[in-house]
Amino acid sequence: MAFVVVITGASSGIGRALALSWAKRGASVVLSARGQEALERVAAEVRAAGGDALAVAGDVTVEEDRKALCDRALGAYGRLDVLVNNAGRGYYVPTVEIDPAELEAIYRLNVVAPMRLAQLAIAPLSAAKGTVVMISSIAGIVSAPRMGAYASSKFALEALSMSLRAEVSSRGVRVLVVRPGPVATPFHANAVVTDHNVGYRPPGHREQSPEEVAEGIVRAVEAGREVLETSVFVKAASLAVRVAPGPTRWFSKYMARRSGL
Ligand SMILES: NC(=O)c1ccc[n+]([C@@H]2O[C@H](COP(=O)([O-])OP(=O)(O)OC[C@H]3O[C@@H](n4cnc5c(N)ncnc54)[C@H](OP(=O)(O)O)[C@@H]3O)[C@@H](O)[C@H]2O)c1
């Protein structure tokens, strides 16, 4: 029987790379994003890589589109093993300049959509003893200057995931939270405000490729893991914020002043 994966934000970056990693393992991949053409191109790549593909264009912030995504996946394949909540967007601006309407739009995409899709998919995921993958970020555990809007959405996603994980474990459903650091995708170009002063990138730091991140995620699902921090950089930042919160706060102020705030 086919292994069925639904991936949001599958037309680009990490989502596309995830679709291809699962395709190489022979999975049936249901691809979601708003742009139909880009989605169809990834569907063709998935089939060429050995998987089956169904492209379902839609906006995950729209309830009818979320329901259609789940219905089409179940209608086509009759089961669901993995839901990957990957679609997301950045918003980089000093906190005193956050536009409430933009913040609400970011929360609808980065927080409400993943939670709602998990609700809609929980019955088939329970039947398959499947996995919900939440693509969080290093910004889900540590914020920085100009990252308040985006990081607060990922912090919220982390909290929802922590509760969901405990609540659905009795049904045999796992929740994997993934924390990438910087990844080479169009994500920063697609952000509501693109600001190159953002982030915790030490000198010489390299962005991960989406393929490297995707392969790590697929292996983490296979291994039944609950948290994946995708690089040494993320693991170091995650440790620093827990064991040395004072110096982390000092460094954040230093970064803010150095970038002109
Ligand atoms: N790249 C990084 O450095 C980085 C680091 C940490 C975490 N992340 C997280 O990784 C995830 C994927 O990011 P990425 O780097 O792969 O970004 P990306 O290349 O910009 O891809 C974003 C994907 O989401 C889709 N999307 C955006 N809005 C949507 C909507 N309303 N409904 C449905 N689909 C939508 C886009 O397609 P359409 O525009 O056609 O809809 C696209 O397929 C995000 O959750 C992001 O927060 C990224």
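Where is R146 found? Select R146 to begin: this residue lies in the loop between β5 and α5 (148–168). Helices here (H or I, at least four residues) and strands (E, at least two) are DSSP runs, numbered from the N terminus. A word on what you have open: this is a predicted model, in which local features need pLDDT of at least 70, side-chain atom pairs count only at pLDDT 80 or more, and totals for chains, interfaces and linings use all residues. Residues are numbered from 1 along each chain as its sequence is written, and side-chain values use heavy atoms, with hydrogens and water left out.

R146 is buried, at 8% relative accessible area. Buried means under 20% relative accessible area, exposed means over 50%, and partly exposed is in between (1.4 Å probe, protein chains only).

Next, select K129, in the loop between α4 (100–128) and β5 (131–135). K129 also has a positive phi, near 50°, and is not a glycine. With 59% relative accessibility, K129 counts as exposed.

**Into the cores**

Now select I7, L18, W22, L31, V84, V133 and I217. These have the most contacts inside the largest nonpolar core, which has 34 residues. Such a core is a set of buried Ala, Val, Leu, Ile, Met, Phe, Trp, Tyr and Cys residues joined through side-chain atoms within 4.5 Å. Colour helix α1 (residues 13–24) as well: this helix gives the most to the core, with seven residues.

Zoom in on L18. Leaving aside residues up to four places away in sequence, L18 touches I7, V84, A214, I217 and V218; contact means heavy atoms within 4.5 Å.

Then move to V4, V30, L164 and V177, which are among the 28 residues of a second, separate core.

**Aromatic rings**

How many aromatic pairs does a search of the whole structure find? The search finds four. Rings of Phe, Tyr and Trp (its six-membered ring) pair if their centres lie within 6.5 Å; planes under 30 degrees apart count as stacked, over 60 as edge-to-face and the rest as tilted.

Select W250 and Y254: their ring centres are 5.6 Å apart and their planes are at 5°, so this pair is stacked. Both sit in helix α9 (residues 245–258), and because they are four residues apart, about one helical turn separates them. W250 is exposed, with a relative accessible area of 54%, whereas Y254 is partly exposed at 32%.

For the last stop, select Y92, Y150 and F187, which form one aromatic cluster.
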